[in-house]
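Have a look at the model first.

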Amino acid sequence: RPHTSMVLSLLPATLALLSGSPAIEPRARAAVRMGPALHGSQQSRSPLVNWYCAEESIELQMKDPRPSNHPFGQIPFLTDDDGVEVFESGAILLYLADRYGAASNAAERASYSKWVVWSNSELDGLCFGAIPGDHRVRGTSMDKPQIKQVAILEEILGGCDWLVDNSFSVADVAVGSYLNYVPLFFPNADLSATPNIAKYMLRCAERDAFIQAFGPQHAGLVKSKAEGWLSAKGGAPDFMSMFKR
């Protein structure tokens with residue numbers, strides 16, 4: 001005699017056969033979506049990622065720095081659904097902006113990606129004295145406005161509050177994060193000769209998401225330093241003039 005459970009399991013197919021309609025298959029269980037997760041720490045460059053996620057209301061899970069699948073065992077390291085794995089803070093920012101941001105074409109992505117890449121390749125060295133393959137902190141060049149890149153950035157920020165279409169974006173997360181590490185690593189640095197950069201640093205440090213990501217102590221230090229530079233007496237010389245001759 002057939003078991004009751006066996007009879008019940010065959011009932012949908014039997015009824016479908018008698019009615020001439022196809023049997024209804026059980027609905028497949030949807031894959032569980034976990035969203036982005038970050039292996040990182042406050043002492044690494046993880047706060048750059050936290051800042052952007054806070055600005056864009058991206059739900060980010062924080063995980064222990066290690067273990068992870070980072071091929072070099074470093075942090076930050078991001079994972080996301082569908083097996084996505086990303087390392088390097090700049091690459092993580094670009095992935096999140098592409099995946100969760102509003103850019104709809106290559107031109108829009110280029111408007112912010114160039115600044116993120118520049119931050120990792122050029123601004124890093126200006127802020128910390130690092131060289132490719134060696135990230136030891138040697139000293140900052142951001143208090144030397146006679147350096148061409150510093151003078152150009154000062155001029156650019158004199159014409160806008162934010163870098164892409166004068167609207168806050170992931171470009172500002174990258175550039176602002178590097179700049180706002182300078183007072184932390186080099187408390188004696190004096191950026192009074194570049195007031196536009198100082199104002200930009202202050203605007204970044206006053207954002208709620210920056211304070212949330214980097215902490216009120218870090219934000220407070222940047223604000224105090226920037227306000228001090230801006231209140232310093234004496235006008236800043238026009239260093240850009242030497243590059244326009």
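How much of the chain counts as buried? Of its 245 residues, 40% do, with buried meaning under 20% relative accessible area (1.4 Å probe, protein chains only). Keep in mind that this is a predicted model, where local features need pLDDT of at least 70, side-chain atom pairs count only at pLDDT 80 or more, and totals for chains, interfaces and linings use all residues. Residues are numbered from 1 along each chain as its sequence is written, and side-chain values use heavy atoms, leaving out hydrogens and water.

**Layout**
- The chain has nine helices and four strands, taken as DSSP runs (helices H or I, at least four residues; strands E, at least two) numbered from the N terminus.
- From the N terminus on, the order is α-β-α-β-β-β-α-α-α-α-α-α-α.

- Leaving aside neighbours within four places in sequence, M142 is in contact (heavy atoms within 4.5 Å) with residues including L123, V150, L179 and I197.

**Helix α3**
- α3 has twelve residues and reaches 16 Å from its first C-alpha to its last, close to the 16 Å expected at 1.5 Å a residue (1.5 Å times one less than the number of residues).
- Its buried residues include G90, L93 and Y95.
- Among the elements covering the buried residues of α3 are α2, α4 and α6.

How values were computed:
Buried means under 20% relative accessible area, exposed over 50%, partly exposed in between (1.4 Å probe, protein chains only).
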